[in-house]
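User: Hi! Could you walk me through some of the helices in this one?
Analyst: Happy to, let's have a look.
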Amino acid sequence: EWFGGSPVPYHLVALAALLAFVALTIYPDKSLTERLGFECAFLASAGLTLLAWRWPTFLWQNPLNPDEALWVAGALKVTADWVPWRGFDGTTSGPLTVYTLALPAIFGGRIDFFSARIIGVCLLTATMVRLYYSVKWLAGARVARMSIFPAVLLLALSKDWNFLHFSSEIVPIFLTTTALAASAYLARDASTKNGRIVACGIAGLCLGGSALAKLQSAPLILALMIFVATSIAFAHRRRWKGASPEGLVFLFSLCLVPGAIALVLRITGEWEYAVRSYVKNTIGYVEIGARVGPSFLFDSSASYTAFLCGTLIVLAAGTGAIFWWRRRPGSRSLCLAGAALLLLIAAGFAIYIPHRPYQHYLLFSVVPLSCCVASVLALIRETDWWRRRETLIVGAYLSLFLVSALAVTLSSAPTPLVAEIASSSTGKISRQALAISRYAPPGSRVAIWGACPEYYVQTQTIMATRFGQMGPLPPGPMREYYERVLLRDLESSKPRVFVDAVHPGAFVYQDRATQGFETIPALAAFVRRNYQLKEEVAGVRIFVADPSRPSEPASQAGTTPPARETAGWRIYFNKGGGSEIYRGSGWSGSEPDFTWSDGTVAKLILPIADNSATLSLHMKLGALVRPPELLVQDVAVYANHQKIADWQVTDDQEFTAPIPAEVTKNAAELNLELRIPNAASPQSLGLSYDGRLLGVRCYFVELRRR
């Protein structure tokens, strides 16, 4: 309540944490700053600054980015099936990202957006710690504290939601920065023999794991592999006997994580799918993207622009000062400068190659730019100018980044994440998720068609398939393959609830007519036979498994007859009655009590209760008539292409027609056609401006066993 009443308390706490971080950054007493206690206090203040500014995001129970919900939903699936690419498919993100988010389950914790964002802040803090030691081991603690200062400001004070959510870049950034710290340890003079072996192992594990966290980090991985190999070679020069153990340890650890994953995929038979999904699809994703120009670096985010412009000013001024003093730099400073330049080029490739102007891609550049700043500061520190004007240089440097970051943050209005702290703390979730929870308790299997994986997170349910986002694929050679995988997953999981989340306002999939699950015939048949529509909430349709019949294998849906069930079920055609999944062509939208046919032919596809029995069809219909021009609507009824009745429809009344057994024998479903040759528009009859070609209005359809 104290924080929720006004944003002022939040800013007071956040500014206090920031002030402590600034004070420890500029503290000049070398006798104190070299101690381990001071170092721990400084790094803790960096983490507390990130926490103090970002904690309101922890309470928000909705995704800050659609991808965030995808990773958290995958983490929930890990608790039921941990095999990568069988239990979950992270698309362009590898399994290590999802495994990281599943860590709370080990300790009995809850996996949701709250835990994901806490893990994100912890990983970012650990990344800053690794960056600090990377610079410290090559340029000293003073430069290290100053070098992480701009990065902490960016990550803490940014209001851009794409920097605040748990993105798939966070894990590979943490891993590659850890490898960078290990490389810096190898390059320093005071490293021990055992310490070097451990550093080689850590570097290899992190770089091998980075490729399975996000394939986009490959340029950074290659750059750091060069840095590690160079550090090993230069440390031993021509003494190959000393370099060989380190190189072998590095290569072994580099292959350890990919090798373990490859072994699991081979054993489970998912190798081909994983290569197709993670490697081939990622390459295809890159090929269809548009080009990203340099303006993306300056236009996408005000906080990142402030960070980038401050960095460019420091690089330009520092480079000028270095050339002015013309002092020969030390070997370690040159090593840091070379590594920073190589990392910056690699980060540029990682951001540019996907050809997508996504803000969170810019996170790949934060550590390389910080290393560039550190290399310039290290070179300046070797000049006489630093000894004469240290206080001025440090003050100007910190002021440049601090003033610009605070100006961007405080000049804009508080984000909803801050303004709605009180309401966010109550854990409100969407109406659709509340409705799903009525039919699917936490831990049950649910299949959600569309791009709304946040429903899994909000309901704490488990993905029934490996796909967090399910939707129709464009025509091509891969479409049938992925549809078969989807149906096979549905067959094995038998979800309790099927949700069609294609609705206006949804992410990506919004048009039910062209993107709904009915666009895949086998999936539509599977849903018709095994589920009943219970309700529609804000455009989201919720289907629940019919307990009166066992679930049919999805791979056989539409090709084999369903199991026997009790006859006498009725489909209502009023709004919310659930008739949409049974309609073929020739129907208009549902109205409060009925649905009009639209055109001269209206088609229905009905599941057959017993394909060896004689059935009867019951329908309540009314007609569009206008005496004396149009006295009656003639309706010819066909079942599986055989005529079974001729009806004359005027006022609302019930009609019945027998369906012979030979019509439904060996049939998977009943295809009904209502042929209405005299359908007319109300406009042509002078009734209204309605131009639809209306024939009959349907109230319900019922099949009974005779």
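Analyst: One term to begin with: the bend at a residue is the angle between axes fitted to the seven residues ending there and the seven starting there. Also, this is a predicted model.
User: Thanks! Where is the kink in α19 centred?
Analyst: On Glu 390, and the kink there is about 85 degrees.
User: What span should α19 have, and how far apart are its ends?
Analyst: Helix α19 covers residues 384-411, which is 28 residues, so at 1.5 Å a residue it should span 40 Å. Its end C-alpha atoms lie 39 Å apart, which agrees.
User: Which residues of α19 are buried?
Analyst: Among them are Trp 386, Ile 393, Tyr 397, Phe 401 and Thr 409.
User: Switching topic: how do α7 and α18 pack?
Analyst: Helix α7 (residues 113-139) and helix α18 (residues 366-381) have axes 11 Å apart, at an angle of about 25 degrees. The two are therefore roughly parallel to each other, and their crossing is right-handed.
User: Which residues meet there?
Analyst: On the α7 side, Thr 127, Leu 131, Val 135 and Ala 139. The α18 residues they meet include Cys 371, Ala 374 and Arg 381.
User: And at what angle do α7 and α8 cross?
Analyst: At roughly 155 degrees, with the axes of α7 and helix α8 (residues 141-157) coming within 8 Å. Angles over 145 degrees count as roughly antiparallel, so that is how α7 runs relative to α8. The contact includes Met 128 and Tyr 132 of α7, and Ile 148 and Leu 155 of α8.

Conventions. Residues numbered from 1 in each chain as written. Predicted model: local features only at pLDDT ≥ 70, side-chain atom pairs only at ≥ 80, totals over all residues. Heavy atoms only, no water. Helix = DSSP H or I, 4+ residues; strand = E, 2+ residues; numbered from the N terminus. Expected span 1.5 Å × (residues − 1). Buried < 20%, exposed > 50% of the residue type's maximum accessible area, 1.4 Å probe, protein only. Axes fitted to C-alpha atoms, helices over the stretch in contact; angles between N-to-C directions. Parallel < 35°, antiparallel > 145°, perpendicular 65-115°, else oblique. Left-handed = near helix turned anticlockwise from the far one by under 90°. Contact = heavy atoms within 4.5 Å.
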